[in-house]
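User: Hello! I am new to this structure and would like to go through it step by step. Could you help me read it?

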Amino acid sequence: MIALLLSLPMTASVMQAQPITAGQHTRVETVYGTIEGYQDGSIFTFKGIQYAKAERFMPPQSPDKFEGIRQCKVYGPQAPQNESLKWNSRNSQTDYGFGNQFVTEPMDEKECLVLNVWTPSISDGKRRPVFVWIHGGGYSGGSGHDLPCYEGRGLSEAGDIVVVNLNHRLNILGYADLTGLGGKYAQSVNLGMQDIVKALEWVRDNISRFGGNPDEVTIGGQSGGGGKVSTLLAMPSAKGLFKRAIVQSGSALRQALPEQTRAFGIALAQELGQPATADADFSKYTYDELNYAVSRLAQRGMRSGFSPVVDGTILPQHPFEPASPVSKDVPMLIGTDFNEFTFDISHDMTWEEAEAAVRQRQGDRADQYIAAFKKAYPNAEPKEMTYVDTGFRAGAVRQAAAKAAQGGAPAYLYLFTWKPESNALGASHGMELPFMLHNVSLQREMTGASPAAYKFEKLISNIWLSFIKTGNPNTKGLPKWEPYNEATGVTMILDNKCEPRQHHDRELMQMSRSIW
């Protein structure tokens with residue numbers, strides 16, 4: 001019972017107003033067996049549902065069927081990851097709680113392939129739109145419960161939809177490329193992405209039993225989750241498993257190439273004293289021992305970062321250079337935050353101070369940069385010129401342009417510029433999350449939880465819900481939002497006053513490099 005309470009949203013209003021019940025009325029018979037969740041007010045909640053199983057460095061398989069009733073009332077384990085990769089390792093006055101405050105999830109390599117479901121009903125016969133949320137943390141960290149606002153209850157209730165989020169393998173366990181060893185490792189690449197496809201297959205096969213429509217699935221993700229969504233859009237195995245896609249601050253245009261990544265698998269085997277063939281055996285090493293080997297290789301100059309790989313089969317091409325034909329008919333919502341990774345915007349500056357800072361960073365092209373910024377944002381304060389994001393924004397613009405050039409389904413582009421009044425965060429990386437997930441109350445230290453924040457939450461969550469349900473983000477209270485095309489370059493500015501702007505920062509973006 002204590003574990004169940006720890007897994008629930010810990011706000012006073014929720015704990016007082018929403019009765020928690022469980023039993024026969026909260027059971028669902030999945031393809032693999034019967035699970036029991038709980039009813040949180042009007043929302044049925046199921047946590048820690050196993051969607052696949054996998055041996056180390058092997059592709060995921062369907063889970064085993066089981067007898068009896070499996071309890072699914074607490075979040076399952078997260079994928080193994082270094083504590084240094086977790087957001088909650090930061091110690092900053094502006095830290096707003098990446099890393100969940102309510103429960104510390106165990107890490108378990110064998111048991112981390114789990115997902116969570118929130119739904120308004122499991123027995124009314126309705127077929128609701130489904131939103132599958134993929135967490136951030138690059139390709140190395142995070143989980144489906146990494147932030148308090150990842151809780152799916154709020155959006156499910158606000159929009160009468162089914163919300164799903166999930167854990168999958170990360171870092172060396174999820175994104176090492178061992179195909180250079182051959183044999184049993186011939187498919188040991190993009191394992192984290194293969195896990196997500198397996199989760200989407202579980203949704204396809206089971207979500208109707210939770211009141212969802214498997215033909216109306218939208219995938220979405222922020223930061224590394226946006227990179228994973230971008231990659232899924234180019235994977236043949238994911239085709240048909242979702243209808244719409246949302247990429248937030250994670251537009252991945254390209255991924256790694258096998259001529260770089262296969263060498264790592266061979267070097268890893270040699271570093272551990274294993275044969276550089278399919279006879280290598282990585283099963284006896286602890287997760288920490290694998291990481292120590294990676295560190296030693298990195299010290300000798302071997303590539304140590306992990307990400308999806310254009311292996312020619314699972315991922316046949318770069319996702320958006322050009323846009324993959326796999327997802328030509330999938331509408332997209334794409335966007336970024338104005339500040340991204342500048343977390344303290346509290347210090348005022350004069351134009352002279354701001355321009356001096358830009359000259360120090362930009363060197364010979366400082367004058368061009370200053371002119372481009374002032375053209376893009378003529379009413380901006382001087383300090384804004386020193387912390388405006390261009391890297392994530394450049395990737396989003398290029399992704400939207402690639403999607404538009406394909407001549408298929410539309411892409412809608414946004415720039416989130418809303419800033420909380422109560423702290424120095426600005427429109428930083430992930431600031432839109434509690435708003436679009438309808439969870440301002442669960443991330444109060446981030447949003448300030450002011451009346452303006454709650455009003456804005458309703459608009460932003462309605463935009464996401466409109467896209468999830470129709471593939472079009474237009475909603476009441478929003479100016480007309482046209483799809484992106486090269487001629488007009490429409491970006492919707494999301495703030496207390498929303499407005500569409502046409503190529504407003506083109507010159508600034510032409511000086512920028514995509515982050516992903």
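This is a predicted model: local features need pLDDT of at least 70, side-chain atom pairs count only at pLDDT 80 or more; totals for chains, interfaces and linings use all residues.

User: Is Ser249 buried or exposed?

Analyst: A residue counts as buried when its relative accessible area is under 20%. Ser249 has a relative accessible area of 0%. Its backbone also has a positive phi of about 50°, although Ser249 is not a glycine. On the accessibility value, then, Ser249 is buried.

User: Which value does phi of Ala449 have?

Analyst: Ala449 is in the loop between helix H14 (444–447) and helix H15 (451–470). Ala449 counts as buried because its relative accessibility is 15%. Phi is positive in this residue other than glycine, with a value near 50°.

User: What is omega for the peptide bond from Glu321 to Pro322?

Analyst: Pro322 lies in the loop between helix H8 (287–299) and strand S12 (332–337). The bond that leads from Glu321 to Pro322 is cis. Its omega is near -5°.

User: How many helices and strands does the chain have, and in which order do the strands of the open sheet come?

Analyst: The secondary structure comes to 16 helices and 15 strands. An open sheet with mixed pairing is formed by 12 strands. Their order is S1-S4-S5-S7-S9-S8-S10-S11-S12-S13-S14-S15.

User: Which strands stand at the edges of that sheet?

Analyst: A strand at an edge has a single partner strand, so one side of it is left without a neighbour in the sheet. The two strands in that position are S1 (20–21) and S15.

User: What stands opposite Thr491 in S15?

Analyst: Strand S14 takes in residues 490–494 and strand S15 residues 499–502, and the two pair in the antiparallel sense over four bridges. They form a hairpin with four residues between them. Opposite Thr491 stands Arg501.

User: And which residue in S5 is the bridge partner of Asp40?

Analyst: Strand S4 (residues 38–40) pairs with strand S5 (residues 43–50) in the antiparallel sense, over three bridges. The bridge partner of Asp40 in S5 is Ile43.

User: What separation is there between the C-alpha atoms of Ile219 and Val229?

Analyst: Ile219 lies in strand S10 (residues 212–222), and it counts as buried because its relative accessibility is 0%. Leaving out residues up to four places away in sequence, Ile219 touches a set of residues including Phe131, Leu200, Phe242 and Val229. Val229 is 10 residues away along the chain, and the two C-alpha atoms are separated by 6.9 Å.

User: Which share of the residues is buried?

Analyst: Let us start with the surface: the chain exposes about 19900 Å², and carbon and sulfur atoms supply 49% of that area. Among contacts with a separation of 6 or more, 76% join residues 24 or more positions apart. Of the 516 residues, the buried share is 61%.

How values were computed:
Residues are numbered from 1 along each chain as its sequence is written. Side-chain values use heavy atoms; hydrogens and water are left out. Two strands pair if DSSP finds at least two bridges between them. Buried means under 20% relative accessible area, exposed over 50%, partly exposed in between (1.4 Å probe, protein chains only). Contact means heavy atoms within 4.5 Å. Accessible areas come from the Shrake-Rupley method with a 1.4 Å probe; for residues, only the protein chains shown count as cover.
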